[in-house]
Amino acid sequence: MNDAALFDEAFGQLDDDRREQLDLAAASDPSLADRRARLRHALSLLLDADDPEPPSALAARTTARILRHAEEPRILEFAPTRPRVRWVDVGVAAAVMLIGMMSLVPAVRHQQQSVGKLMCTDNLRQIGLAMSQYAATHHTFPYVDPSCPASYVGAAFVQLNEAGLLHDHTTLDCPCDGASIPTKQLPRFDDLLGREQHVPGTCRDDIRVDYAYHLGVRHPTTGQTMPLPFNIENRVPLVADQPPFRLDRTNNAAGQGGIVLVGNSPNHGGAGQNVLFTDGRVEWRRTRWISSSDLDLYLNHHERTRPGIHLMDAVLTPCMMRFRD
């Protein structure tokens with residue numbers, strides 16, 4: 001018999017057959033008989049009494065317990081009303097953000113330089129196409145006689161423009177030099193000539209081009225300066241990012257123009273320069289060295305800003321300087 005039978009008997013829910021079985025089991029099992037007696041005694045206190053009395057001093061002990069715990073802090077009082085921000089956490093977060101930004105800046109700068117270099121390469125290709133079309137017609141690349149008052153190197157691009165071959169003069173602006181050339185169109189060559197005949201040196205600022213152009217070569221027999229011929233067998237530099245230079249602002253500026261300084265082109269921060277060759281190819285050069293026949297892209301074999309002493313000795317000069325004998 002289990003305890004359920006004992007409770008059924010105590011509450012009068014046990015039938016005669018099961019009661020008889022319980023009596024037989026209790027007679028043979030002293031422990032069952034003991035549990036049966038204790039259960040009957042406990043339930044008799046509840047079932048037999050009509051109005052049981054509460055334990056003595058129950059009300060006083062309950063009130064004292066409530067008063068004793070009323071002054072104790074509750075668990076909700078330990079929870080902060082708002083999360084505490086420590087300066088250490090703020091410093092760590094700021095350091096992580098700073099490191100992330102510092103790691104992104106070189107990548108973004110490198111990406112901008114790469115895009116700018118590609119745009120510069122495209123500019124030179126368009127200039128090379130215009131130069132080839134001009135040379136195919138005139139059998140030489142653009143050139144201005146050094147004796148002409150408007151013999152600026154940039155006048156070669158003025159000739160391209162007047163021939164209708166330079167469709168967009170913004171191609172003369174290298175996007176990597178951080179400065180834009182004036183948005184106005186190139187001046188007319190006749191206007192340059194007239195103004196230079198009146199006041200020499202006044203038109204130099206009107207020919208702002210970010211690229212250097214071929215200065216011409218010495219004739220192998222006569223020694224006179226001549227433009228670069230179109231049918232040259234080997235390819236030579238024709239246009240490139242302009243070198244670092246210093247203009248001569250003295251009264252003799254119309255006669256000289258300035259000097260070429262040491263170093264790579266400032267257009268790309270001194271990292272190198274794009275060079276357009278006569279075959280239309282554009283190459284990136286980290287130094288001014290071209291070949292064993294042309295040791296300096298911007299100076300001739302005698303390390304001077306003068307025409308090359310042979311066809312392979314290219315000398316590219318800033319457009320604000322002049323063609324020279």
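In the classes used below, Ala, Val, Leu, Ile, Met, Phe, Trp, Tyr, Cys and Pro count as nonpolar, Asp, Glu, Lys and Arg as charged, and the others, Gly among them, as polar. The model is predicted, so local features need pLDDT of at least 70 and side-chain atom pairs pLDDT 80 or more, while totals for chains, interfaces and linings use all residues. Residues are numbered from 1 along each chain as its sequence is written, and side-chain values use heavy atoms, with hydrogens and water left out.

**View 1**

**View 2. Helix H1 and its buried side.** In H1, residues 3-10, the buried residues are Ala5, Leu6 and Glu9. They sit on the same side of H1 because they cover an arc of only 105° around the axis (taken from the directions from the helix axis to the C-beta atoms). Follow the chain just past H1 to find glycine 12, with a positive phi of about 75°.

**View 3. Two non-glycine residues with positive phi.** Histidine 139 follows H6 and is found in the loop between H6 and H7. Although it is not a glycine, its phi is positive, about 70°. Histidine 139 is exposed, with a relative accessible area of 58%. Glutamate 303 lies in the loop between S8 and strand S9 (316-318), and its positive phi is near 60°. Glutamate 303 is also exposed, at 65% relative accessibility.

**View 4. The largest pocket.** This pocket holds about 280 Å³ (on a 1 Å grid over the protein atoms alone, a pocket is an open set of points with protein on both sides within 12 Å along at least five of seven lines, a cavity a set where a 1.4 Å probe fits but cannot get out, and lining residues have an atom within 4 Å of a point; points are joined across faces, edges and corners, and volume is the space filled by probe spheres set on them). Of its 14 lining residues, Gln113, Ser114, Lys117, His268 and Ala271 lie nearest the centre. H6 gives the largest share, six residues. The lining has four nonpolar, seven polar and three charged residues.

**View 5. The second largest pocket.** Here the space is about 160 Å³. Asp177, Ile181, Arg208, Asp210 and Gln242 are the closest to the centre among 13 lining residues. Seven of the lining residues are nonpolar, three polar and three charged.

**View 6. The second largest cavity.** Gly128, Ser132, Phe141, Leu238, Leu276, Phe277, Thr278 and Gly280 line it. H6 and S7 are the elements that give two or more residues to this lining. The lining divides into four nonpolar, four polar and no charged residues.

Terms used: Helices (H or I, at least four residues) and strands (E, at least two) are DSSP runs, numbered from the N terminus. Buried means under 20% relative accessible area, exposed over 50%, partly exposed in between (1.4 Å probe, protein chains only).
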